[in-house]
Amino acid sequence: PPCAGGGLATPRLHVATIGGTKMLLASQTPLIQTPPHPPVSLHLKEGAGPTRGMYLDVWLDCVINGVRDAVICWHQDAVVRGVAVARAEDLPEQALGIGSGELDAKAGHVVDWLREQCSRDGGSYWLFKGEGDDKLMLYDMSDLPSRVPSEFAVTVAIVCLRLAPTVQSRPARRELLLRAVRPLSMQQHPAVFAAIHEAIAGTFVDVDAKEGVRTYDSIEAETFVLPSGDKRRDTEMAARHLSLAFYALSSR
């Protein structure tokens, strides 16, 4: 059976040491264990066969979860192409032709670089590496997507959409989503476009199953009566963004 806490809905927290730096990391990789044997990690990968990037992903997951062995299953077009069992310490050799110690040292250099660059208190950053690219690109989420090349607009928008629920301030969350959706084309990316506008609408009103639609101003100011115009504006803005979302999906 899967290890306790190994469900996909609840990430496991693990203290990992990479390059001499301790980090608190989270993983949703399924772990399988049959006592008294130690747990192994299970990886489902898309493709006709193993790749260098696949081996590195599996190695990092093994480091995060503190497991020695991994089961890799790769599939293509819903057909299983192969299954392999690998020791974590052998994966760097298979991926890059170097030992795990050397790879750990290289990862440590990346971590040191990130610690130098990610210096803004309470900041959120996006570390990106293109397919087949040897360069790592680091973006400050507070300055997105203005500094991101247009070909990455959709990727940045999805990152912002996933990050938005963690932003406590509604105006800041709204601004992040507005910046994310500006470079998107409704015709080319209707699903992402609609999802972001729906999230923007949620920064204006709160939909409750029992009480219906309530403006946040009325929720946060229950001790006094707000001018009706304030509530009307929030509702109108939410309706406007929901209309954009509906139009984008209906025009596909």
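Colleague: Which residue forms a salt bridge with E175?
Modeller: This is a predicted model, in which local features need pLDDT of at least 70, side-chain atom pairs count only at pLDDT 80 or more, and totals for chains, interfaces and linings use all residues. Residues are numbered from 1 along each chain as its sequence is written, and side-chain values use heavy atoms, with hydrogens and water left out. A salt bridge here is a side-chain nitrogen of Lys or Arg within 4 Å of a carboxyl oxygen of Asp or Glu. With the closest N and O atoms 3.9 Å apart, the partner of E175 is R182.

Colleague: Is R182 buried or exposed?
Modeller: Buried means under 20% relative accessible area, exposed over 50%, and partly exposed in between (1.4 Å probe, protein chains only). E175 has 33% and so counts as partly exposed. R182 has a relative accessible area of 56%, so R182 is exposed.

Colleague: How many salt bridges are there by this rule?
Modeller: The pair E175 and R182 is one of them, and D69 with R87 is another, at 3.5 Å between the closest N and O atoms. The count comes to 5.

Colleague: How many residues apart are D69 and R87?
Modeller: Strands (E, at least two residues) and helices (H or I, at least four) are DSSP runs numbered from the N terminus. D69 is in strand β5 (residues 69-76) and R87 in strand β6 (residues 79-87). The pair links distant parts of the chain, and the separation in residues is 18.

Colleague: The side chain of H43 makes a polar contact with the side chain of which residue?
Modeller: H43 is in strand β4 (residues 40-46) and counts as buried because its relative accessibility is 3%. A polar contact is a pair of N or O atoms within 3.5 Å; within protein, one must be able to donate a hydrogen and the other to accept it, and residues adjacent in sequence count only if both atoms are side-chain atoms. At 2.8 Å, the side chain of H43 contacts that of S41.

Colleague: R174 lies over the face of which residue?
Modeller: A charge sits over a ring if NZ of Lys or CZ of Arg is within 6 Å of the ring centre and within 35 degrees of the ring normal. R174 is at 3.9 Å from the ring centre of F204.

Colleague: What is the C-alpha to C-alpha distance between P38 and R68?
Modeller: P38 lies in the loop between β3 (31-32) and β4, and is partly exposed because its relative accessibility is 37%. P38 and R68 are 30 residues apart in sequence, and in space their C-alpha atoms are apart by 8.2 Å.

Colleague: Is the peptide bond from P35 to P36 cis or trans?
Modeller: Most peptide bonds are trans. P36 is found in the loop between β3 and β4. The bond from P35 to P36 has omega near 10 degrees and is cis.
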